[in-house]
Structure formats: C-alpha cells, structure tokens
Amino acid sequence: MTDAPHTAIRNDWTREEIAALFDLPFTELVFRAAEVHRANHKANEVQLSTLLSIKTGGCQEDCGYCSQSVHAKSGVKATKLMGVSEVLQRAAQAADQGSTRFCMGAAWRNPKDRDMPAIIEMVKGVRAMGMETCMTLGMLTAEQADMLKEAGLDYYNHNIDTSPERYDDVITTRTMEDRLDTLSNVRMAGMNVCSGGIVGMGETRADRVGFVHTLATLPDHPQSVPVNALVPVKGTVLGDMLADTPMAKIDDVEFVRTVAVARITMPHSMVRLSAGRESMSEMTQAMCFMAGANSIFTGDKLLTAPNAGDDSDLAMFERLGLKPMAITETSADVEASRMPKGCAKLEAAE
C-alpha cells in the first residue's frame with residue numbers, strides 16, 4: 001500500500017522539479033500547497049512557540065546576517081549563559097501565555113563540555129512542564145547529541161541558511177558540510193531535526209530552489225522547517241549591504257511561494273513562519289498560513305530581533321479564525337507515531 005500523493009514522502013526531488021513549483025501561477029501553487037497541508041495537518045491550527053536567548057552575543061562565527069557575531073558592529077553585548085532557574089521561569093511564563101514549544105538559543109560556535117550540565121537541566125526542566133523543547137547551540141558532536149537526546153530534547157535547530165552555492169557569500173567560518181554533519185549527528189541520536197533558513201539575503205530564486213532542494217533531499221526531511229525573512233540589522237554585513245535598497249525586503253509573493261514549495265516538498269514537516277513577521281502585513285501572514293505554515297514564534301523578541309508580540313498575534317488569530325495548537329497535537333507526537341523506534345540507531349549501525 002502506497003501513500004496518497006499528498007502524503008507521500010520523497011527524498012529524490014530534483015532542482016528542476018522544485019524550480020517548476022516556484023514557477024507555477026501563484027494561486028495554483030498556494031492551492032496545491034493547501035491541499036498538501038490539509039492532507040497532513042489540521043487546518044486552521046497553528047502552534048505557538050517561544051524563543052529565548054539563553055546566551056547572547058560574542059559568537060565567533062561571521063554569519064553576515066547575525067547581530068550576535070563578534071565580527072558585527074551591532075552594539076549587542078556578550079552575556080554569560082543564563083542560570084537554569086531563570087530559564088525555567090521564562091519557560092513557565094511562555095506556557096502561561098499559550099506556547100506549547102519552548103526554544104532556547106545560545107550564541108556559540110559549539111557548546112563546551114563545561115556548559116552541558118546546565119543545558120541538560122534546562123531541557124529536563126522545560127520537558128517537565130509538558131512543553132516541546134528545542135535548542136540551537138551551534139555545531140554538535142555525536143556525543144553531545146546523544147546527551148541531549150538522553151535528557152529528553154525534542155528538537156535540535158541548526159539552519160542551513162541558504163543554498164550551497166550562496167553559502168560562502170553569507171558565512172566563511174564554517175561550511176555547509178559542517179552544518180550537514182551536525183544535522184546527521186542529531187538525526188543519528190534519534191532527535192527531531194529543525195532546519196531551515198533565511199530568505200531575502202540578496203539571493204536569487206535559484207538560490208531559494210537550492211535551499212529547499214537541500215532540505216527536501218536529506219535522508220529524512222527535517223521534522224521542523226523554519227522559514228525566516230531577513231531582518232537587516234545595522235552593523236551586520238548584510239544589514240549594511242542591503243539597507244535602503246530594494247533588496248532589503250523580500251517580495252511578499254516570493255516569500256509565500258517559498259513557504260508553499262517547502263510545504264509541498266516536505267509534507268509532514270512543521271513549516272514555521274519565523275523571523276521577519278513584524279514587517280509583514282497580516283494578509284501576507286494569512287497567505288503563509290494558507291500555503292502551509294503552521295507554527296509561529298510569539299513574544300516581542302526573537303533572540304535579538306523584534307517580533308510581532310503576543311497581543312498582536314492573538315488579535316490576528318481571532319480575525320483569521322485560527323486556533324492555537326494544543327500540546328497533545330504537536331508534531332513531536334505525530335512524528336514519534338510515524339517513525340519506527342530506534343531507526344536512526346539501526347541506520348548508523350548498518
């Protein structure tokens with residue numbers, strides 16, 4: 001018995017096929033994406049997530065979009081890793097405000113062994129509240145991935161950012177292969193992968209095709225795919241380069257196209273409408289939900305970037321007739337039911 005066309009998982013997408021999706025008439029593309037979305041996810045339900053910077057600034061990487069890099073002149077000051085109790089207090093507040101997923105980000109190239117005990121306690125504490133947990137800490141070794149899995153981490157975020165061809169224009173301190181190695185370590189540990197990227201960094205549509213193609217042809221699709229619109233920050237390479245130019249903001253239609261193509265090519269994944277929402281109109285966001293986005297980050301800030309805010313989001317949900325997703329309906333449980341237990345470990349042993 002084979003999957004229905006709207007639910008079948010493919011890892012053999014070609015760039016030509018993905019480019020053809022981008023080239024579809026806009027309404028046809030969104031219609032197809034909506035069909036795929038409704039075949040795999042509950043319509044009109046969106047997961048509310050909260051992202052907390054648990055360690056800000058001082059990162060040695062030179063990511064051209066990031067205000068937390070030591071190479072940027074953005075004015076972001078480096079901080080130490082937050083205490084476990086403070087992180088858990090913030091998680092409890094997020095849960096009270098309706099979030100079912102709590103994401104923790106540290107501005108590191110990679111976590112040090114001395115930081116892992118505190119990180120482990122944060123994961124265990126948030127999990128005890130009944131929330132999905134996600135962390136982004138930079139590159140991981142296989143051993144660190146296993147430790148996070150053992151602690152109960154649901155998702156590990158490590159974005160590929162852009163296409164392989166564009167990558168070196170955005171970051172020079174690590175390679176696309178470095179990022180894919182971390183995703184492999186996460187996958188082999190048995191955790192859910194969260195990986196997406198940023199559009200609006202001056203890339204071409206061919207780059208957006210390459211970005212989606214890289215994710216859609218991984219051995220397993222990322223269970224979570226965040227799609228970010230660049231927030232040009234003064235003092236960063238890309239922020240200064242694109243400031244006051246027509247390229248400083250991606251065209252809304254092209255952004256929705258990217259969300260729709262991600263939904264079609266990765267039908268079971270959560271597609272997360274992430275950074276850049278504060279500059280999007282409500283109707284652009286509505287089109288993203290129609291095209292298959294089913295998660296947003298709430299609150300006034302995403303790490304160091306501004307965000308729409310809880311009150312604004314709740315008002316938008318009411319106008320659009322959307323409903324926050326309950327914790328029992330989130331993708332961690334769905335993916336656990338679909339994936340044979342221990343399959344990643346078996347794959348590694350073969």
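At 21% relative accessibility, does Cys66 count as buried, exposed or partly exposed? At that value Cys66 counts as partly exposed, where buried means under 20% relative accessible area, exposed means over 50% and partly exposed lies in between (1.4 Å probe, protein chains only).

**View 1. The whole protein chain, a predicted model.** This is a predicted model, in which local features need pLDDT of at least 70 and side-chain atom pairs count only at pLDDT 80 or more, while totals for chains, interfaces and linings use all residues. Residues are numbered from 1 along each chain as its sequence is written, and side-chain values use heavy atoms, with hydrogens and water left out. The secondary structure comes to 14 helices and 12 strands; helices (H or I, at least four residues) and strands (E, at least two) are DSSP runs, numbered from the N terminus. Of the 350 residues, 54% count as buried. Among contacts with a separation of 6 or more, 77% link residues 24 or more positions apart, contact meaning heavy atoms within 4.5 Å.

**View 2. Cys59, Cys63 and Cys66, a "binding site" in UniProt.** The annotation comes from an unreviewed entry; UniProt positions follow the numbering used here, feature names are shortened, and annotations may be inferred rather than shown by experiment. Look for Cys63 in the loop between β1 (45-55) and α3 (84-96). Cys66 is found in the loop between β1 and α3 too. Cys63 has 10% relative accessibility and so counts as buried, whereas Cys66, at 21%, is partly exposed. Setting aside residues up to four places away in sequence, Cys63 touches Ser69, Val170, Ile171 and Arg179.

**View 3. Cys103, Cys134, Cys194 and Arg272, where UniProt also places the feature "binding site".** This record, again an unreviewed entry, names these four positions. They span 170 residues in sequence, yet no two of their C-alpha atoms are more than 13.1 Å apart, so they gather at one spot. Cys103 belongs to strand β2 (residues 101-106) and is buried at 4% relative accessibility. Beyond residues up to four places away in sequence, Cys103 touches Thr50, Leu51, Leu52, Cys134 and Phe297.

View 4. What does Cys194 touch, not counting residues up to four places away in sequence? The list is Arg101, Cys134, Tyr155, Tyr156, Asn157, His158, Asn159, Ser224 and Pro226. Cys134 is also among the residues that Cys103 touches.

**View 5. Helix α4 beside helix α5.** Helix α4 (residues 116-128) and helix α5 (residues 142-151) pack at about 30°, with their axes 9 Å apart. Axes are lines fitted to C-alpha atoms, for helices over the stretch in contact, and angles run from 0 to 180 degrees between N-to-C directions. The two helices are therefore roughly parallel to each other, since angles under 35 degrees count as roughly parallel, over 145 as roughly antiparallel, 65 to 115 as roughly perpendicular and the rest as oblique. Their crossing is right-handed, meaning that the near helix is turned clockwise from the far one by less than a right angle, with anticlockwise giving a left-handed crossing. From α4 come Met116, Ile119, Ile120, Val123 and Lys124, and from α5 come Gln144, Met147, Leu148 and Ala151. These divide into 7 nonpolar, 1 polar and 1 charged; Ala, Val, Leu, Ile, Met, Phe, Trp, Tyr, Cys and Pro count as nonpolar, Asp, Glu, Lys and Arg as charged, and the others, Gly among them, as polar.

**View 6. Helix α8 beside helix α10.** The axes of α8 (residues 205-216) and α10 (residues 252-265) come within 10 Å and cross at roughly 25°, and the pair is therefore roughly parallel. This crossing is right-handed. Arg205, Arg208, Phe211, Val212 and Ala216 in α8 meet Glu254, Arg257, Thr258, Val261 and Thr265 in α10. By class, the contact has 4 nonpolar, 2 polar and 4 charged residues.

**View 7. Two threonines, Thr258 in helix α10 and Thr214 in helix α8.** Thr258 is buried, with a relative accessible area of 0%. Leaving aside neighbours within four places in sequence, Thr258 is in contact with Phe22, Val199, Arg208, Phe211 and Val227.
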